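Here is a short tour for anyone opening this structure for the first time. Keep the view at hand while you read.

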Amino acid sequence: MNSLFHKQPDGYRETIEKGMAAVYQFEGPVWRGSGNFETEVQRLKKALDEGDAVVVGAGAGLSTAAGLTYSGPRFHHYFHDFEARFGIRDMYSGGFYPFPDDETRWAWWSRYIYVNRYVDAPKPVYTELLNLVRGRDYFAVTTNVDHQFQRAGFDKTRLFYTQGDYGLFQDARGLIDQTYGNEAWVMAALEAQGFVQNADGIYDVPEDGKISMRLPKELIPICPDGSEVAMNLRSDDTFVEDAGWHRASAAYADFLESHRDQHVLFWELGVGANTPVIGKYPFWQMTADNPDAVYACVNFGEAYAPRELQDQSIVIDGDIGDVLKAL
């Protein structure tokens, strides 16, 4: 970590430590809620209305509920040629495919970035969430990298995107503590492949269906110093935590500290098994440490809480969009 940021609070690592502590503290059976949808929704509404603050922890399930699926029609529409040639079946697995050259690899990534970062989600789930927390003292921490919180209008000073952003490039070596916006490059790359803007200003496959799977060599992205770029996504120790990332991490730590003994709702939305130590387990630990806190888990198929926190927990196994509408 750059020494410039050593003196700032580090909400990311501080809460991961809490999450690791929770792993050892809560090893027993879990509680999966009452099973009564209406009752649990009303309890969640009461916790929202009566709380001093709300901490939202969002995982991939929130974006899935918003329609940002990585397979199916969205994938087929934008990647049918990659599917036919390479046998790729979804966007996620395609991100690891060993493409034959950089021209093809960056053509893939330009489309991937565009549909998951520069286009609004098909369903207004993020907007509905914002309407529920607007006017409340809230903070949102997310492992999602699709920028949908920002697109919906969330206050960026109340948001911490821990794992990066599809809209940012970084030095592939991880040696430069700086990131680079890629919007202009993405649009140029789409046009170079033959995508055209439709009446809504969205880049789409042309009527004749002719698109290229390769970029011109001059469109392969590079850093300002000429070095190789990579996506600013946390996958190994080369991930760049830039100044904006550190400001957000510090803001998260400050928010938690300022509400440490208050009536706080820790509201988990769609956190799966990949990153529970960021948005699930720390919420358990912070709820256990504060008798006035409430933990709420809304997650389709993965909704549960430690049995020890049953009296402080709200558990709803259901579609996040349905829950937000009910609220």
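Helices (H or I, at least four residues) and strands (E, at least two) are DSSP runs, numbered from the N terminus. This is a predicted model, where local features need pLDDT of at least 70 and side-chain atom pairs count only at pLDDT 80 or more, while totals for chains, interfaces and linings use all residues. Residues are numbered from 1 along each chain as its sequence is written, and side-chain values use heavy atoms, with hydrogens and water left out.

## A tucked-away loop residue

Let's start with Asn299, which sits in the loop between strand E11 (294-298) and strand E12 (305-306). Buried here means under 20% relative accessible area, exposed over 50%, and partly exposed in between (1.4 Å probe, protein chains only). Asn299 has a relative accessibility of 5%, so it counts as buried.

What does Asn299 touch, leaving aside its neighbours within four places in sequence? With contact taken as heavy atoms within 4.5 Å, Asn299 meets Glu268, Gly270, Val271, Ile316, Asp317 and Gly318.

## A three-stranded sheet

Now for an open sheet of 3 strands, in the order E6-E5-E9 and with antiparallel pairing. Two strands pair if DSSP finds at least two bridges between them. Strands E6 (179-181) and E9 (229-233) are at the edges with a single partner strand each, so one side of each has no neighbour in the sheet. From one strand to the next, the twist averages 50°. Angles run from 0 to 180 degrees between N-to-C directions, and axes are lines fitted to C-alpha atoms, for helices over the stretch in contact.

Strand E5 (residues 164-171) pairs with E6 over 3 bridges. Phe169 has Tyr180 in E6 as its bridge partner, and Gln170 is opposite Thr179, also in E6. Towards E9 there are 4 bridges, again antiparallel, with Gly164 partnered by Leu233. E5 is mostly covered, with 8 of its 8 residues buried.

## The nonpolar cores

A nonpolar core is a set of buried Ala, Val, Leu, Ile, Met, Phe, Trp, Tyr and Cys residues joined through side-chain atoms within 4.5 Å. The largest one has 38 residues, and Phe79, Trp106, Trp108, Ile113, Tyr114 and Trp185 have the most contacts inside it. Helix H4 (73-86), H6, E5, helix H9 (183-193) and E9 each bring at least two residues to this core, and H6 gives the largest share, with 8 residues. Apart from this core lies another, of 35 residues, including Phe149 and Leu327.

## Helix H9 and its tryptophan

Which residues of H9 are buried? They are Trp185, Val186, Met187, Ala189, Leu190 and Gln193, and the buried residues of H9 pack against H6, E5 and strand E8 (203-204). Not counting residues up to four places away in sequence, Trp185 touches Trp106, Ser110, Ile113, Phe169, Leu215, Leu219 and Pro221. Just after H9 comes Gly194, with a positive phi of about 105°.

## Two crossing helices

Finally, look at helix H1 (residues 11-25) and helix H12 (residues 281-289), whose axes come within 7 Å and cross at roughly 80°. H1 and H12 are therefore roughly perpendicular to each other. For these labels, angles under 35 degrees count as roughly parallel, over 145 as roughly antiparallel, 65 to 115 as roughly perpendicular and the rest as oblique.

On the H1 side, the residues that meet H12 include Thr15, Lys18 and Val23, and their counterparts in H12 include Tyr281, Trp284 and Met286.
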